[in-house]
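Subject: Structure handover: charged side chains

Hi,

Here is the structure I promised to pass on to you.

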Amino acid sequence: MTPSGARGTARPAPTAPHLSVAVVGGGPGGLYAAALLKRLDPSRNITVWERNAPHDTFGFGVVLSDETLGGIEHADPEVYTALKAEFVRWDDIDIVHRNTRHTSGGHGFAALGRRRLLEILHHRCRSLGVELRFRAEAPDPARLAETHDLVIAADGVHSTTRTAFADVFRPHITAHRCRYIWLAADFPFDAFRFEIAETEHGVMQLHGYPFSADASTVIVEMREEVWRAAGFDELDEAESLERCAKIFADALGGRPLRSNNSAWTTFRTVVNERWSHGNVVLLGDAAHTAHFSIGSGTKLAVEDALALAACLSEQPTLTDALDAYETERRPVVASTQRAARASLEWFENLALYLRQPPRQFAFNLLTRSRRVTHDNLRLRDARFTEAVERGFGCPPGTPPMFTPFRLRGLTLRNRVVVSPMDMYSAADGLPGDFHLVHLGARALGGAGLVMTEMVCVSPEGRITPGCAGLWSGRQAEAWRRITDFVHTRAPGTAIGVQLGHSGRKGSTKLMWEGMDEPLDEGNWPLVAASPLPYRPGSRTPRELSRAQLTDLREQFTAAAVRAARAGFDLLELHCAHGYLLSGFLSPLTNRRTDAYGGSLEKRLRFPLEVFDAVRAVWPEDRPMTVRISATDWAEGGTTAQDAVAIARAFADHGADAIDVSTGQVVADEEPEFGRSYQTPFADRVRNEARVPVIAVGAISSWDDVNSLILAGRTDLCALARPHLYDPHWTLHAAAEQGYEGPGVVWPPQYRAGSRPPRTGRTDAPKPRLTLSDLPLAETPAPGS
């Protein structure tokens, strides 16, 4: 059955008298939406259906941010006043790890009991004339859509409304790897508390916070396999309570825990492709979920209600209002879900960080979602942040990004890398004046390491006719001109070369003429691990024979010898982004049935052979790194666990660091873009494979760099586009942080520009009195 007001019909917004609204679900989001809509237009007939009793609630405390409270205060001062009287407020977070507690302050939380929140909203709805129907199943969603002008589906993560119209909303529901249970303790924690328990069965964690003067929420969480090993799958509710209280006896002071029909469950992330269908709209957990570790569920639902009510008042039709609501809320929710996913995965992989020093572990936990950063935390609690920096080894006044890092015989003076970026500006593989200016400018800009673009080992290994190479002595001489400039004019800056072969992604047009499109003429033959074109319309490569593999290996070693003579300080082997060596690593691009295909061990064989051959001719004191794609962002491709194994294999063969990128292996990839979106893969490789890493991927601020390094998620940060925007990005990062130490040095020619120029006069006297400050009788007459 199709609901009335189908998409495309300009149905009037429900503001005229007697228009009816059905709200399915009596949680905070649904109740608040009902109250707001009734307050904005008392003539609306609004009914809320809730299948549970008025005082039934699952969970205990609710945390709301100051931002959310501000929205409530402006929209409904009466609700805000009632909430404010109930709030428990605190500033501190306690992290307990290996019997050491670290406290970070300045965070600002407000919480109250979920039952009390519902009581306040019940009272507000009734006072406004909203009809509340408890212990009542809502009618069929399609029927509601026919009999009401607007249907708000606030029926939670298991939404029956969403299920009824699943073909339109197209939900994607992801179950995660931890089990958790909501409990309570009859005493108030004095801070938001995270406590880690390392048991014989595995690691477990407690999340606890006060929600009243005499009670706290307690969430116990652990990986599924730990939950089963500990026997929780065989315990009843009372036995689970007793076991959890015993495990976390120190945090609880020996007190018991209590439940409210509590059960172990698995968190599910809900994402919908659409939030509305005709006159039916999703709100809160029905539309989206975000992990409880960032305290976002009720917050998002309340903010949804605020936005929906505003859009219904502002837009001329219901269709326009629902479109505006989704347009406004979707990016906010997506950002929250990215942060929540990062937090969720941090706790799923908690065991990776147990070896960190307790203070660094605490910093890592606090910054896990990437919403709290080094600079932000320094503003909240400078003493705590400075203590973490001292433990990390930062000299006084030195941001983490300006601490040195050693790779074999090379010491980088800071942790910033200019990432390899193809410029497509060479002639017959020969770097020219453009490369000198491009790389020279970035070397003068203060980065610790400047990387070339992928330098190809043969003419047939180029991506485009404009790609640079190292297959001839003349090219090596041209590169020597550039390395000499860097070492002479930017002393202390290292320059590295990235060697690679395009494989099946070669013989294409320059990026700005048609990225990945085959050349119209002048093509060269393509080779790859398997005869698979990169995308429809691409040319099909030949599968490499054993003899050709030997020839390719020799091309890499010859190029490495030239790179050493050209004066490069570091060599990176490009095994990422679907180029030739990457094509061997991914099961999506390697379909071979010989010794170089099949299992991961076999797929690694040729890239490791190339690495060994290059390492044998590369100077012993100079480091080698390897760039990998840690995921193909496609089903059946390289997994994060594969990436750890690949990194370990290269490290065992002598790689000094792994440059952890992702994707670009298959054309039908589906990356999960967002700020620092690739850094979790570097984090996992570093902390599971125990190898130094370079993190990449939408790292755009010096605050991100400081945060990632200080938390122990990476050793170096490679930035590409920021260095295209600002070649002096690192110098400016130092200036903005007031840093003038040895980690970055301004060229003497540029030192006068080490402070931002003034843009206008700032020393004029400020007005002390205006005419409006004078009593009316004393206001001077015109012209006096």
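A residue counts as buried when its relative accessible area is under 20% and as exposed when it is over 50%, with partly exposed in between. Please keep in mind that this is a predicted model.

Lys299 comes out as buried, because its relative accessibility is 15%. Its partner in a salt bridge is Glu303, at 2.8 Å from N to O. Glu303 is buried as well, at 11% relative accessible area. Both belong to helix H11 (residues 297–314), where they are four residues apart, or about one helical turn.

In total, there are 38 salt bridges.

- Lys509 and Glu517 pair through their side chains at 3.4 Å, N to O. Lys509 is buried at 18%, while Glu517 is partly exposed at 32%.
- Arg755 and Glu740 have their closest N and O atoms 2.3 Å apart. Arg755 is partly exposed at 44% relative accessible area, and Glu740 is exposed at 63%.

There is also a network of salt bridges that links Arg179, Glu224, Arg228 and Asp233.

And which residues gather in a patch of negative charge on the surface? They are Asp236, Glu237, Glu239 and Glu242. Of these, Glu239 sits in helix H9 (residues 237–247) and is partly exposed, with a relative accessible area of 37%.

Definitions and conventions. Residues are numbered from 1 along each chain as its sequence is written. This is a predicted model: local features need pLDDT of at least 70, side-chain atom pairs count only at pLDDT 80 or more; totals for chains, interfaces and linings use all residues. Side-chain values use heavy atoms; hydrogens and water are left out. Patches are made of residues with over 30% relative accessible area and no salt bridge: like charges are joined within 9 Å, nonpolar side chains (Val, Leu, Ile, Met, Phe, Trp, Tyr) within 5 Å. Accessible areas come from the Shrake-Rupley method with a 1.4 Å probe; for residues, only the protein chains shown count as cover. A salt bridge is a side-chain nitrogen of Lys or Arg within 4 Å of a carboxyl oxygen of Asp or Glu. Lys and Arg count as positive and Asp and Glu as negative; His and the chain ends are not counted. The place of a charge is taken as NZ of Lys, CZ of Arg, CG of Asp or CD of Glu. Helices (H or I, at least four residues) and strands (E, at least two) are DSSP runs, numbered from the N terminus. Buried means under 20% relative accessible area, exposed over 50%, partly exposed in between (1.4 Å probe, protein chains only).
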